[in-house]
Amino acid sequence: MADEKERKTPLLDELEKGRWPSFVTDLKKIAERKPMVKDLLGQLELSYKEKKGHWKHGGLVGVRGYGGGVIGRYSDLPEQFPDVKMFHTTRVNQPSGWFYTTKALRELCDIWDKYGSGLTNVHGSTGDFVFLGSNTDVLESIFTDLSKAGWDLGGSGSDVRTPSCCNGPARCELACYDTLDMTYDLTTTYQDELHRPAFVYKWKFKMAGCPNDCVASIARSDLAVIGTWRDNIRIDQAAVKEYLDNGLDITSDVVLKCPNQCIRLEGNELSIKNEDCVKCMHCLNVMSKALRPGEDKGATILIGGKAPIMEGALLSSVLVPFMKMEKPYTEFKELIESIWEFWDEYGVARERIGECIQRVGLGNFVEAIGLEPIPQMVSQPRDNPYIFYEEYFEEGDEEE
Amino acid sequence: MGDFIEVGDKKIDVDEDGFIHKWDDWSEDAANVLAKTENVDELTKEHWVVVNYLREYYTQYKIAPMIRLVLKETGKRLGQEKAVSNKYIYELFPSGPAKGACKIAGLPKPTGCV
């Protein structure tokens, strides 16, 4: 039987050449003890040969009480590759900021080695700790073992996807709010929305501590919370002098690179015209010892980011320019819930919130969720010069 | 090839997730058999409210209703003013409205996004 499974994989072998780590080498190593991975290699080789994927789209599997967290995968060549007939993915909710102890990592790997293929995808674009490849009949056991060890499944399908954030204040002095705490808070508050899909489509939250946006929340989430401040950048003039003494060319590396030209260097003294600052973060990143975000911190809330699936890609745009981000985040949660209510009512099947807003118009959207329209919400000026002012509309006039 | 379930002396084709292939193959007896595969021991009156609604909706629109509608309509049919919670549906059908309830109602597999 074992010999039968020895397959030749000339195309995959190419990927082992060169100086770089190779997933093929890793797969072969695991294939020695996992027949499932052996068939996976076989199927992948065939896909490379035929230039065609051999996974069927979707599938519906899950664990008791949850609608999300497990994604069904089936091979379309079950006779040829019986051990990957089922190859389901399980998403494990990752800790805020991806902080693990080695004990925790071992625990996860042990559970996965016991029931599944042993292959993981640790923090790819989905964000979760992803277990790749298992049969349907072990799903409940995986879930039970994970629960016992204190883990939970993440989101999948039309639900709140596992919220994720940057390292935040745990490692970064630029963080303007506690991204880790907020992520955990949202995860526990919206358990029902996370595990039991009821939305028209997926919903992603991402929390970034500052406008550097290390988690790329602006592009990767429907609702991005990006830390910011509304007072002045704090300047330590002694540290500025130290940078100068150490040879930093502040004029060319900082002043001239400011996109809004709001920094001046006179002698050893740096000054910033804060009202012109667009929070590009360049000066703070270059001179992190001398410059720090202001003290009145909070976050900007942006809405509508997504990757292209049903429609093209969208970047988030500003919904609320500044909101204080403090426990228990009541103001934020009220905003979210009013957005969900709107989306539930008016969103069509498989329509992300960004697409929904485009369809109904931002004006209608902000009115429906009870926000005042403000200039910051305008991401670009309109190109149509004909404007209809409602103020000029008088009672008795007929609407055309 | 393919999987099947046995209802009385009839064999009904199902897909790899256990969904019935043909709409007309479904019967109340088939629903009872399918229920067992979804951890529902017995279909009660409350289960049938959901199952019947799913079948009626599908007959009319040829698509499964959105979950929000299921929650609203179930609430209405139970004589409540408010929609039932999503959790209520999961208590009846532990694998949820899409996998559990739709399968038992004989609807085709809903295509969700991964």
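You are looking at a predicted model. Keep that in mind at each stop.

**Stop 1: the four-stranded sheet of chain A**

The four strands make an open, antiparallel sheet in the order β1-β2-β4-β3. Its edge strands are β1 (70–71) and β3 (119–122) of chain A, and each pairs on one side only.

Next, select A:W98. It sits in the loop between β2 and α5 (102–115) of chain A. Check the backbone: phi of A:W98 is near 60 degrees, a positive value in a residue other than glycine. The residue counts as partly exposed because its relative accessibility is 31%.

**Stop 2: the five-stranded sheet of chain A**

Select β5, β6, β7, β12 and β13 of chain A. What is the strand order in this open sheet? It runs β5-β6-β7-β12-β13, with mixed pairing. β5 (164–165) and β13 (317–323) stand at the edges with a single partner strand each, so one side of each has no neighbour in the sheet.

Zoom in on strand β12 (residues 297–303) and β13(A). They pair in the antiparallel sense over four bridges. Pick out A:L302 and find A:V318 opposite, in β13(A).

**Stop 3**

Select A:D296 and A:K324. They form a salt bridge, with the closest N and O atoms 2.6 Å apart. A:D296 lies in the loop between β11 (291–292) and β12, and A:K324 in the loop between β13 and α13, so the pair ties together parts of chain A that are 28 residues apart in sequence. Both ends are partly exposed: A:D296 has a relative accessible area of 23%, and A:K324 has 34%.

Stay in the loop between β13 and α13 and select A:P328, which is found there. A cis peptide bond joins A:K327 to A:P328, with omega at about 0 degrees.

**Stop 4**

Select A:K273 and A:D276. This is another salt bridge, with the closest N and O atoms 3.5 Å apart. A:K273 counts as partly exposed at 45% relative accessibility. A:D276 also counts as partly exposed, at 28%.

Then go to A:K279, in the loop between β10 (269–272) and α12 (282–286) of chain A. A:K279 is not a glycine, yet it has a positive phi of about 60 degrees. At 24% relative accessibility, A:K279 counts as partly exposed.

**Stop 5**

Select A:E331, which lies in helix α13 (residues 330–346) of chain A. Together the four form a negative surface patch.

Now select A:E345 and B:R68. Which two elements does this pair link? A:E345 lies in helix α13 of chain A and B:R68 in helix α3 (residues 67–77) of chain B, so the pair joins two chains. Their side chains meet in a salt bridge at 2.6 Å, N to O. A:E345 is partly exposed, with a relative accessible area of 44%. B:R68 is partly exposed too, at 26%.

Select A:K56, B:D15, B:E16, B:D17 and B:K109 next. Salt bridges that share partners join these residues into one network. Over all chains, a search of the whole structure finds 31 salt bridges.

**Stop 3: the hairpin of chain B**

Select strand β1 (residues 3–7) and strand β2 (residues 10–14) of chain B. They pair in the antiparallel sense over five bridges. One bridge to display is B:V7 with its partner B:K10 in β2(B). The two strands form a hairpin with two residues between them. Click B:G8 in the turn: its phi is positive, about 60 degrees.

Finish at B:S27, in the loop between β2 and α1 (28–37) of chain B. At 26% relative accessibility, B:S27 counts as partly exposed.

Conventions: Residues are numbered from 1 along each chain as its sequence is written. Chains are lettered from A and ligands numbered from 1 in the order in which they are written. This is a predicted model: local features need pLDDT of at least 70, side-chain atom pairs count only at pLDDT 80 or more; totals for chains, interfaces and linings use all residues. Side-chain values use heavy atoms; hydrogens and water are left out. Two strands pair if DSSP finds at least two bridges between them. Patches are made of residues with over 30% relative accessible area and no salt bridge: like charges are joined within 9 Å, nonpolar side chains (Val, Leu, Ile, Met, Phe, Trp, Tyr) within 5 Å. Accessible areas come from the Shrake-Rupley method with a 1.4 Å probe; for residues, only the protein chains shown count as cover. Lys and Arg count as positive and Asp and Glu as negative; His and the chain ends are not counted. The place of a charge is taken as NZ of Lys, CZ of Arg, CG of Asp or CD of Glu. Buried means under 20% relative accessible area, exposed over 50%, partly exposed in between (1.4 Å probe, protein chains only).
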